[in-house]
Amino acid sequence: MKTIDPRRITDNPIDIIGREWMLVTAGTDRRFNTMTASWGGAGYLWNKPVAAIFVRPERHTFGFIEQTGAFSLSFLGDEHKNVHKITGSKSGRDTDKIAEAGLHPVFTETGGILYEETRLGLECRVLYADTIEAGNFSDSSLAAQWYGPEKGGFHKMYIAEIIRAWTK
């Protein structure tokens, strides 16, 4: 993989996040976890290229993001869609889902964690985080649709600077 300026990414973030999905990975080379995500965005904020992700506090990856203040996003391409079935349905607390999914971690010199299978990778440093609150919805039906005892807790939103981008 080679690094590129994040401003040179040509992928449409709406398309790749919503259709291709992404792996959110956080931790260190000694201990880390990854999860599938299909909610998020990318753009430009505070004069920086940024990515926004949303993680429920119940997710194992949540604690790693909270500890390190960083995460990476890996886009694998449609040929690796089967990976998301494992990384999106199993917990790293209970199984080695990295091995089960057939992923091969790559640790960058800045502490990021990507995968050999990554076609586009983003190393991110958290700039801002806040938990979504029911009372802040303009359309209250969204809170009822997506949150509750049987659905899970309110996501925490992370806005992070894209400090490095990688492509194959």
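In the predicted model, Val50 stands opposite Glu161 of strand β10. Strand β10 covers residues 156–167, and β5 pairs with β10 over 6 bridges in the antiparallel sense.

Strand β5 also pairs with β4. Strand β4 spans residues 40–45, runs antiparallel to β5 and is joined to β5 by 6 bridges. Within this pairing, Leu45 stands opposite Lys48 of β5. The hairpin of β4 and β5 has 2 residues between the strands. Trp46 in this hairpin takes a positive phi, near 55 degrees.

Phe64 is part of helix α2, which covers residues 60–68. Its relative accessibility is 5%. Because buried means under 20% relative accessible area, Phe64 counts as buried.

The surroundings of Phe64 include residues from elsewhere in the sequence. With neighbours within four places in sequence left aside, Phe64 is in contact with Ala26, Gly27, Arg31, Phe32 and Asn33. Thr25 was also considered. Phe64 and Thr25 are 39 residues apart in sequence. In space, their C-alpha atoms are 8.5 Å apart.

Terms used:
Residues numbered from 1 in each chain as written. Predicted model: local features only at pLDDT ≥ 70, side-chain atom pairs only at ≥ 80, totals over all residues. Heavy atoms only, no water. Helix = DSSP H or I, 4+ residues; strand = E, 2+ residues; numbered from the N terminus. Buried < 20%, exposed > 50% of the residue type's maximum accessible area, 1.4 Å probe, protein only. Contact = heavy atoms within 4.5 Å. Pairing = 2+ DSSP bridges.
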